[in-house]
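Me: I've got a model open and would like to talk it through. Can you help me find my way around?

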Amino acid sequence: MSAPLLVGVVLGAIASGTAVLYATLGEVIGERAGIVNLGLEGVMLMGAVVGFATTVETGSAGFGVAAAALAGGLLNLVFAYLVISRRANQLASGLALMFCGVGLSALLGAPYVGSRIEGLNEIRLPVLSNLPVAGLMLFTHDLLVFLVVPVALVVWWVLFFTRWGLALRAVGENPTAAYAAGLSPMIVQYQALLLAGLLGGLAGAHLSLAVARTWAEWMTAGRGFIAVALVIFSKWHPLRAIVGALLFGGAVALQLQMQARGVPISSFLLDMLPYLLSVGVLILWGGTRRHAAPASLGRVFRGTE
Amino acid sequence: MQRAASPGVSLLRAGQGTAVGLLRFVVLFGPAFVVFAVVLLVAGKNPMKAYADIFSATLASGYGFSEVLVKMIPLLLTALAVAIPSRIWLINVGGEGQLYIGALFATWGALTLADLPRWALLPILGALGFVGGGLWAALSGVLRARGWVSETISTLLFNYVAILLVNFFVFGPLKDPESANYPQSAQFVPAATLPTFFGTRVHFGLVLAVLALVIYALVLSRTRWGLEMRAIGGNVEAARRSGIPIGWYIVVVMLVGGGMAGLAGMTEVSAIQGRLRPSLSPGYGFTGFLISWMAGGRPLGMVAAAVLLAIITAGGDILQMTQRLPGSVASILMALVLFAVLARRDRARGERAG
Amino acid sequence: MRPPQPEPMVTMRGITKSFPGVLANDHVDLDVRGGEVHALLGENGAGKSTLMKVLYGFYRADSGEIRLRGHPAHIRSPRDARELRIGMVFQNFTLIPGMTVAENIALFLPHLPALLDKGEIAARIQEVSRRYGLNVDPSAEVRQLSIGEQQKVEVLKLLLADAQVLILDEPTRVLAPHEIEALFQVFTNLRRDGYAVIFITHKLHEVLACADRITVMRRGRVAATLARGEATEGGLVSLMFGTVPAEPRFYRSAPAGETAAPLLELRQVSTRGEGASPSLHGIDLAILPGEIVGVAGVSGNGQRELGDVVLGLERCSRGTKRLFGHDATRWSVARIRASGLAYIPEDPLAMAVVPALTVRENMALGDTPKYARHGGFSMDWASVRTDIARTAERIALNLPPLEAVAGTLSGGNLQRVVIIREMARRPRLIIAFYPTRGLDVLSATATRELLLAARGEGAGVLLISEDLGELFALSDRLVVLYRGRIAGTFRPQQTTMNAVGFLMTGSPDAHAASG
């Protein structure tokens, strides 16, 4: 592979993968607590539109990012209220949330369709960004990109090395046991979904403020569902999610590069990769996948929720 | 002595029943409509005018009502696509993808067999649509029957594979040479178009949908297969030990369900769009899931929910025209209605997705 | 050994708790002292579990009061109970299979720091396990442990959470005899250090073996509280049941003719168990017409798998299975049932009956091909009704109302539905799992008579039961299942329950004992 192509693909992979990774990390947290959110798409869209609008109105991308996270968190709390306090069906609630996010973001974003902004500035890391090739590929990105891997590490550490993470995993495995341990599954799940919403909002913000630097209706184009797929692909593990997101980003970037070079590989077939890979991975695990998914979550997928 | 109530009393009782039902409807969905009105207000629009527009364009006019019916047809079919598998606890969120593959198969048929007479071509297209959607769903069924992948996950993911597949064909092999660079297939010949009624756009698909609903209800309650399905749905362990072949049912039920969605795809592409485009479905598959879920898989409930959601969907198009709002704003109202149902549901243990 | 302290650690007064249709606890009084092992004895449904769940905060009593160490206690949730140093080990363990022993225990630790120190937790676990004889590997995943080891983890959880009052609900149900011995030794160690141990059971001999004081409950009320010295087996039995039960009758039959063709023949059958399920190894088993073969063993040693293999639900990875003279190794469940096999599972509600359907519809499920008409488009309900009525009359069992929804029936009625359905087809081979478990005395006797009558008509019965008395009374031949293998085959007259008990736990003394 030629150097410019490699650089293009890696740059693109990182740029595209970051948003998906944030969303995936948020979904990992939620699903580890036993809740699957099919409305992640809607959460990302709200984050994207609120982030964009705030940046336009206030002139500060920083405010935009913060507002986006907040918007995502709030929307996810609505979802949390339905599935936790009202014990509503998770799948139906997620889809309803998706519709809500799609419609609300379209409404809020109507005045901004097509406007272009500077958005998040590129940050050049001192020294490192001057390295040949690698400097451009890895060390010249916006803030959210630089933060995403540390965030993944933090999520991993919190899940496996803190008391709260232990509680969260226990709730996702067996809420009855957690309750018997004196935990409040409901509170833990609310916290998890709030966190997931914040991350989902950040994901949307990255899309509108860094990748596209504009707003268009339904600009997430299914990334929310890809995140759900990646959570499974990464066996609910935050560090493996990084790999998954890079794969997805790589596929997107490769497709763009191919198109730019007029290579007749259908972009659509490449786009299918994340979905097919996720299903493929599940088939490969065969019966052992049962041990990977948080037990309580499995009940949602089996309809015995 | 006559024990039956007099006609007057029966009518009164029926009227009371309807009144109670209507009251329940208002109490349940009222808040959703109010919140949406607030949303519209904040967006600078007049909610009363908006609702009036929707009402006059849907229920108040014959043509408007026919448009509602037009939207109902795919919704009923995709709802069935979810309801049928839900009888044995299978969750089919792949109606969208199954619809697209059904449309793809039907498109292939319409384009390659364009010389056949209408009375022969249409049933073939219908069968192709059914087979396309059915096979797509059966794939998930097999994966589930073998114990490899939950059908919830695989149908969800296959949605996007299906849409991408259709995109592939429509940008490539099936691309209409006469449409410049528009991604769409060639126009269907008249023989491949479903007949319509009374000069409206309501097409024969309505008959298919209603028929399918009726057959669904009858099969479930009267036949041996319906009994065995209800046994599986009621207690899969007991069903297994009674000798009922669970794996076989999983695949067949997914096939039939997917076939319904595929049929929806065929009717949409044949009667409404006249050609295959990537924008074929504005989320009918997901909406169907929600309809089936709201109705608990019960036929009459599904019709009622379909009417409601069809009106809301049509409302979106109307508001786009009259109020210059983005079309997806109707999704907000749909979500609010759903939230109302979701928030109120007394979750009896074992509530199904359909 | 420190004697039990005089004033009680736990006092429950006038506890009343009812559920829809059931008065589970009716003004119950209970005292438990520190440094004592207190047994809560009673039949199924006496209210013992409910009472303890009230103490643990899982339920809230309708009325009554609880005092702990003399002070009034308001226990509204398990969290309150744990703060008052009360801990409970349930029948269904509250362990998380996917997490390690240490993580499971950590979850229950009262003052867990926000940042976990895995080394320190492991050290604490080792210390307490050594002190009380509860040895487990802290880093092992719970799903890989045996049931006995899992129970140890449950007790460790309580001890490390600083509980002073330990409640165990039917702890010996899933243990082999030598594991039960070990558990009682743990009780002794705990008693020595001043803990109050309450254990719920319905097994007399356990109570007599290790309790200091015994509270007998019957139908939601306390029948009596006695010290060990005052208790006799007969006395306890009459307290539990209210009357002296009839002597169990020993049914003796002539051994079946060895020349008859076997109904069932398993030759070197092995299965591959999934996950934690045991697998069968090299099972050789034959059932002749007119013979009851009893299968003894501690639950979890392959009984269910054996039944599943015969039924056709599980594939033989090796070996052959012959049914009624044909090679049935690859037959489907439907075909095996159609050939004349009846299956009475251990839990009718979970495994044999569809709660949402009516009794009539459940009956039809026994043989849907028979009642289907027009290729499956309709069902002949009239035939279903006649067949059922005839069978009920023939086997003298009361038929529950046909249009009742199965889920609303009581356990006894459900068992009857299953039995009538299975017997309607005049089976030649009956697999019966714990058929009398949980049944009242009358129903249990009727069921046993039924099996004997079937045998009398030339059917074969595979009887799987935990009740050694029942097995010895009914079986013509007795087979012991241990870890998926047949550990021994006897005629009941030629062995003792003790010898069988040894085999059930794989004890090396088995050979010496069986003689």
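Me: How many bridges join strand S11 of chain C to strand S12 of chain C?
Reply: 4 bridges join S11(C), residues 264-270, to S12(C), residues 283-287, and the two strands run antiparallel. Two strands count as paired if DSSP finds at least two bridges between them. Helices (H or I, at least four residues) and strands (E, at least two) are DSSP runs, numbered from the N terminus.

Me: Before going on, what should I know about the model and its numbering?
Reply: This is a predicted model, where local features need pLDDT of at least 70 and side-chain atom pairs count only at pLDDT 80 or more, while totals for chains, interfaces and linings use all residues. Residues are numbered from 1 along each chain as its sequence is written, with chains lettered from A and ligands numbered from 1 in the order in which they are written.

Me: Ok. Which residue in S12(C) does Val269(C) stand opposite?
Reply: Ile283(C). S11(C) is also joined by 5 bridges to S14(C), residues 318-323, again antiparallel. There, Glu265(C) has Arg322(C) as its bridge partner.

Me: Switching to Val295(C), is that buried or exposed?
Reply: Buried, because Val295(C) has 24 C-beta neighbours inside 10 Å. The cut-offs are 20 or more other C-beta atoms within 10 Å for buried, 12 or fewer for exposed, and partly exposed in between, with C-beta atoms placed from the backbone. Val295(C) sits in strand S13 of chain C, residues 292-296.

Me: What does Val295(C) touch?
Reply: Leaving out residues up to four places away in sequence, the list is Gln303(C), Leu306(C), Leu462(C), Leu463(C), Ile464(C), Val479(C) and Leu481(C). Contact here means C-beta atoms, placed from the backbone, within 7 Å. Glu466(C) is 171 residues from Val295(C) in sequence, yet their C-alpha atoms are 8.6 Å apart.

Me: On to the interfaces. How many residues of chain A are in contact with chain C?
Reply: 17 residues of chain A, against 18 residues of chain C. Helices H7 (163-173) and H8 (175-180) of chain A each give two or more residues to chain A's side. H7(A) has the largest share, 5 residues.

Me: And how many residues does the contact between chains B and A take?
Reply: 43 from chain B and 40 from chain A. On chain B's side, the elements giving two or more residues are H6, H11 (284-295) and H13 (329-344).

Me: Why call H6(B) largely enclosed?
Reply: Because 18 of its 21 residues are buried, H6(B) is largely enclosed by the rest of the structure.

Note on methods:
Contact = placed C-beta atoms within 7 Å.
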